[in-house]
Amino acid sequence: MKPAEFVGLLFLARDVAHSTHLNTRSYAKHVALQGFYEGVIDLADKFAEAYQGYHGLIGPITVPAAKKTSNIVEFLQGQVEDIEAGRYKVCDRDNTAIQNIIDEIVGHYYASLYKLRFLA
């Protein structure tokens, strides 16, 4: 996964979470999803800026098509698994500052999944 693809994946998560946020009848789910989509965009910016500060511009960012699912928990779980599987393709393991930001992104996904699974 290239860095621009990684950021595009996070943008997709924002879009899907925001759409689900606007269409849920559960207040707890509504709030959890708002926290997710607002936080994931801040983390996407943090990643892109740090990456570009170290490696140079990442180029155009495209948002991939969403995998067909009506279950936001399954969608976010699949994304975080993809992130963890591809993190060392995005940047080297030794680039700890940027890997730390990826850790923050993964943590944000898991905290949001907790809220969606057990509090919504």
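The exercises below work through the fold, the surface and the aromatic residues of a predicted model.

**Exercise 1. Describe the secondary structure and the overall dimensions of the protein.**

Solution. Begin with the elements: the protein has four helices and zero strands, and from the N terminus on they follow the order α-α-α-α. The radius of gyration is 14 Å, close to the 14 Å that the globule rule gives for 120 residues, so the protein is as compact as a globular protein of that length. Then take the extent along the principal axes, where the C-alpha atoms fill a box of roughly 45 × 25 × 20 Å. Finally, turn to the contacts with a separation of 6 or more, of which 76% are between residues 24 or more positions apart.

**Exercise 2. Characterise the burial, the accessible surface and the charges of the protein.**

Solution. Of the 120 residues in the protein, 42% are buried. The accessible surface comes to about 6800 Å², and carbon and sulfur atoms account for 51% of this area.

**Exercise 3. Classify the ring pair of phenylalanine 36 and tyrosine 109, and explain what the pair ties together.**

Solution. The structure holds four aromatic pairs. In the pair of phenylalanine 36 and tyrosine 109, the ring centres are 5.0 Å apart and the planes stand at 80 degrees; because planes over 60 degrees apart count as edge-to-face, this pair belongs to that class. Next, locate the partners: phenylalanine 36 lies in helix H2 (residues 27-55) and tyrosine 109 in helix H4 (residues 96-119), so the pair ties together parts that are 73 residues apart in sequence. The last step is burial, for which the cut-off is under 20% relative accessible area: phenylalanine 36, at 1% relative accessibility, counts as buried, and tyrosine 109, at 0%, counts as buried too.

**Exercise 4. Work out the surroundings of tyrosine 51.**

Solution. Tyrosine 51 is found in helix H2, and together with Phe6 and Phe47 it forms one aromatic cluster. Its relative accessible area is 11%, so tyrosine 51 is buried. When residues up to four places away in sequence are set aside, tyrosine 51 touches Pro3, Gly56, Ile58, Val90, Cys91 and Ile98.

Conventions:
Residues numbered from 1 in each chain as written. Predicted model: local features only at pLDDT ≥ 70, side-chain atom pairs only at ≥ 80, totals over all residues. Heavy atoms only, no water. Helix = DSSP H or I, 4+ residues; strand = E, 2+ residues; numbered from the N terminus. Rg over C-alpha atoms; globule rule 2.2 N^0.38 Å. Buried < 20%, exposed > 50% of the residue type's maximum accessible area, 1.4 Å probe, protein only. Contact = heavy atoms within 4.5 Å. Areas by Shrake-Rupley, 256 points an atom, 1.4 Å probe, with all protein chains shown as cover. Lys, Arg positive; Asp, Glu negative; His and termini not counted. Charge placed at Lys NZ, Arg CZ, Asp CG, Glu CD. Phe/Tyr/Trp six-rings, centres within 6.5 Å; stacked < 30°, edge-to-face > 60°.
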